[in-house]
Amino acid sequence: MATIDNELKQTVRGLGSILGETIEAQLGVEWLQRIEDIRLYGRDSHAGDSESTEKLKRLFQELKDDDLLTVARAFSQFLNLANIAEQEYNSSNNLKDAMQDLFVHLDNAKITKEQFSKAFEQLNIDLVLTAHPTEVTRRTLIHKYSELADCLDDIHQPQLNEGERQHIEERVAALISQAWHTNEIRTQRPTPIDEAKWGFAVIENSLWDAVPSFVRELNNKISAKYGSELPLDAAPVRFNSWMGGDRDGNPFVTSKVTETVLLLARKTAAELFSKDVQHLVAELSMSDCDEELTAIVGDSHEPYRSVLRPLAKRLNHTALEIEKKLKGEVFDSENWVESNDELLEPLLLCYRSLQASGMKIIAENDLLDTIRRAHCFGIHLLKLDIRQDSERHANVFGELSRYLGMGDYEQWNEEEKQAFLLRELNSKRPLFPNNWQPSGDVKEVLDTCKVIANNSENGFGIYIISMASLPSDVLAVQLLLKEMGCSWPMPVAPLFETLDDLNNAKDVMSSLFDIDWYLGYIKGRQHVMIGYSDSAKDAGALAAGWAQYESQEALVALAEQHGVELTLFHGRGGTIGRGGLPAHGAILSQPPGSLKGGFRVTEQGETIRYKFGTPVLARQSLSLYASAILEGILVPPPAPKDTWREVITAMAAEGRDNYRNVVRHDKEFVPYFRVATPEQELGKLPLGSRPAKRRPQGGIESLRAIPWIFAWAQTRMVLPSWLGVMKAIQSSIDSGNANTINEMIEDWPFFKSRLSMLDMVFSKADAAIGKEYDLRLVPDELRHFGEGLREELADSMKLLLSLLKQDDVLESDPKAKESMHIRASYLQPLHFVQIELLSRIREAEDEPNAMLERAMMITIAGIAIGMRNTG
């Protein structure tokens with residue numbers, strides 16, 4: 001059985017030793033010994049030794065508040081270092097050639113070169129970077145950890161001499177010491193602009209190099225396999241962002257913030273392309289050129305430099321003047337690089353001339369990389385999506401209709417709303433009176449639409465309407481954009497996110513496609529966003545998963561019927577409770593035909609760092625996406641048989657009822673949830689800019705999916721991912737469907753992927769830890785509730801292993817299993833520290849203690865890091 005290489009184990013131990021030396025230097029040898037004792041107790045406690053568990057509990061009860069803080073910091077840092085070591089190891093030693101695996105699969109399926117070329121034309125990977133509050137690590141520490149990963153990569157190079165090795169080891173020790181002496185927790189929440197800058201940094205530090213390298217590798221592999229080259233404008237991957245555009249439930253994302261983020265993106269792009277072009281100026285010193293270039297530069301001895309220097313100057317000027325504008329200074333708006341064509345034309349001119357002048361190898365080196373970047377990122381760096389709740393749009397027309405004496409839009413039925421909206425969409429006169437003074441909330445919605453109207457359409461992606469449930473929700477946005485002066489048809493995507501909305505998605509879109517005006521507006525292209533996290537929170541993982549599948553299947557058929565190209569936008573998180581799946585499994589479990597219009601997916605929080613944090617990891621992630629999508633187009637998964645549909649429909653309904661009977665209908669659930677998890681304390685963690693609740697006074701129903709998942713992950717119960725699922729499958733087996741279920745596991749990727757996700761989730765679950773939270777924090781009268789949940793968890797794990805024919809979790813992925821095992825001895829103490837802290841904080845409720853709260857935040861962040869996903 002393959003296991004994690006000894007090199008990784010040695011690296012983890014080595015980094016741990018350096019951290020130990022750092023702690024000893026500050027706090028003395030007694031503290032180092034104490035930390036080591038705690039680690040060993042944690043290891044043995046995790047292995048089931050009750051005496052070690054009791055020692056941990058007693059020790060933490062006796063420690064002072066500041067000592068608990070030190071323990072929390074030490075074990076959080078250990079987990080960070082283990083993650084960095086593993087990430088560097090995977091990027092250096094464990095790179096799977098996804099495209100080569102794909103070609104083997106395609107050969108077996110007898111796919112021709114022509115079929116592949118046609119599929120490649122449909123390859124459109126649209127990755128949407130979001131700043132959901134799941135990235136728990138401060139930017140200043142991310143920078144140190146990134147440099148530490150680079151050092152680990154360097155130190156594993158065989159050609160190092162002793163002096164070079166010593167220098168790197170000293171740098172590693174310095175970085176670990178810097179991290180230890182830096183406050184892990186932000187003192188303030190990041191602003192939306194901070195989040196956007198974090199996204200830009202991911203592009204600058206990783207994707208800027210990764211994208212052209214990925215396209216080059218892709219081209220080489222396709223050329224070697226099929227003898228064909230990618231076109232010069234090939235951009236199989238593009239990037240969008242919600243950072244600074246997603247205002248759903250986030251009052252801090254204003255129209256002014258959106259405008260600032262658009263400018264910052266352009267400034268960053270101008271700076272990056274300026275560096276690229278200045279590098280090309282230095283490189284392209286040749287004098288031979290073709291007639292096309294000669295006609296432009298004349299008798300220049302350095303024709304390539306003559307055409308590129310003015311471009312570099314304009315790019316630099318653009319960045320400098322945007323900076324002045326952002327600072328509120330007087331700026332010059334003339335001679336900015338305003339379009340992608342202005343960026344590309346000089347580059348392509350040089351490329352064509354070099355090819356024609358016998359210098360193909362020069363043309364297809366750094367110059368080609370810059371051309372690829374121009375097609376992927378462009379002068380706007382990425383496209384900014386806008387998202388807002390449907391209720392906010394309805395409020396605009398409600399307030400307006402009351403002001404105009406037309407009645408109350410918000411009280412009208414759907415037919416009346418549609419009639420009004422379509423009449424105004426077809427009208428040539430303005431609807432909004434000049435002297436109307438709307439409320440602040442309504443003005444903000446209108447100002448956002450004005451920002452869209454006043455900026456280039458190339459800087460925007462799509463407008464997403466959350467909690468969309470009716471055709472009028474879509475038409476309302478289109479009317480707002482028209483009335484605010486938007487002269488181009490911004491794509492508007494309804495987000496179907498509750499169980500009912502997913503089930504009604506086909507009817508809503510069918511009603512829209514039946515409207516002639518609407519079909520004219522969309523010009524044969526439609527985006528629809530599928531919500532994973534809210535539907536799972538609403539109905540449980542199985543019912544949500546099946547509703548998502550059926551909804552997509554129905555939408556694909558509907559779009560085909562109307563001749564519309566449909567792009568499904570998947571709002572997945574990093575965890576199963578939010579739709580998270582490994583990319584390959586997620587894509588190949590989609591309904592047949594769902595990839596024809598491209599693949600659009602959110603990349604959220606800490607998963608961005610784990611998948612795209614370094615150029616090597618990013619290249620691997622992009623390759624995995626590309627190979628899975630091409631496979632899904634060329635060798636689509638089978639449509640489910642009627643018998644499979646019947647079985648899973650019944651199981652989904654029962655799973656939904658099982659889940660809701662606990663979460664919604666059991667009056668003891670909310671009181672138990674509040675005390676058994678750190679949900680209340682999570683609200684104090686300065687993660688993202690967005691509040692934890694959509695409505696501050698709301699209960700569980702208004703709690704965002706992210707803190708909902710986060711809270712259960714902290715106690716290792718990971719309840720939203722499994723509650724009610726295996727119970728429903730057991731019931732179906734008891735009803736005589738065992739053979740059908742085995743057939744579904746064997747032959748239907750959608751169903752197999754559900755169970756594979758649970759296999760991963762159960763590897764992170766630990767009922768013994770969940771029980772410890774109950775014993776210390778839950779009153780006697782509610783403890784039976786936790787016992788019932790743990791009993792269902794145990795039964796669920798037993799049934800899953802039986803169905804997958806496994807003796808233990810993650811047998812199919814031993815490296816992932818051992819990776820979790822490495823973290824266990826560091827995670828165990830953090831859980832017990834957190835339990836002790838929760839107890840002290842709640843006992844002293846009326847007397848806030850900053851030190852306890854800081855220690856609490858560190859345990860929350862540390863456990864999230866150790867679990868490798870948060871929300």
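Relative accessible area sorts residues into buried (under 20%), exposed (over 50%) and partly exposed in between, with a 1.4 Å probe and protein chains only. This is a predicted model, in which local features need pLDDT of at least 70 and side-chain atom pairs count only at pLDDT 80 or more, while totals for chains, interfaces and linings use all residues. Residues are numbered from 1 along each chain as its sequence is written, and side-chain values use heavy atoms, with hydrogens and water left out.

**View 1. Model confidence.** The average pLDDT (the predictor's confidence in each residue, from 0 to 100) is 92 for the protein. A score of at least 70 is reached by 94% of the residues. Over residues 575-580 pLDDT stays under 50. For residues 575-580 the model has 31 contacts (heavy atoms within 4.5 Å) beyond four places in sequence.

**View 2. Salt bridge between E836 and R776.** The side chains of E836 and R776 form a salt bridge (a side-chain nitrogen of Lys or Arg within 4 Å of a carboxyl oxygen of Asp or Glu), with an N to O distance of 2.6 Å. E836 belongs to helix 34 (residues 814-843) and R776 to helix 32 (residues 767-777), so the pair links distant parts of the chain, 60 residues apart. Helices (H or I, at least four residues) and strands (E, at least two) are DSSP runs, numbered from the N terminus. E836 is buried at 4% relative accessibility, whereas R776 is partly exposed at 32%. A network of salt bridges links D65, R776, E836 and R840.

**View 3. Salt bridge between E184 and R854.** The structure holds 52 salt bridges; in the one between E184 and R854, the closest N and O atoms are 3.6 Å apart. E184 sits in the loop between helix 8 (162-180) and helix 9 (192-226), and R854 in helix 35 (residues 850-867), so the pair ties together parts that are 670 residues apart in sequence. E184 counts as buried, at 10% relative accessibility. R854 has a relative accessible area of 29% and is partly exposed.

View 4. E321 and K324 are joined by a salt bridge of 3.1 Å, N to O. Both residues lie in helix 12 (residues 303-326), three residues apart, or about one turn of the helix. An α-helix has 3.6 residues a turn, so residues three or four places apart point the same way. E321 is buried at 7% relative accessibility, and K324 is partly exposed at 30%.

View 5. Helix 25 (residues 615-634) has 20 residues and spans 28 Å from its first C-alpha to its last. This is close to the expected 28 Å, where the expected span is 1.5 Å times one less than the number of residues. Helix 25 is largely enclosed by the rest of the structure, because 16 of its 20 residues are buried. S623 lies in this helix and is buried, with a relative accessible area of 11%. Beyond its neighbours within four places in sequence, S623 is in contact with A98, M99 and F214.

View 6. Eight strands form a closed barrel in the order 1-2-3-4-5-6-7-8, with parallel pairing (two strands pair if DSSP finds at least two bridges between them). From one strand to the next, the twist averages 25°, with axes as lines fitted to C-alpha atoms, for helices over the stretch in contact, and angles from 0 to 180 degrees between N-to-C directions. Strand 5 (residues 492-496) pairs with strand 6 (residues 525-531) in the parallel sense over two bridges. L495 has M529, in strand 6, as its bridge partner.
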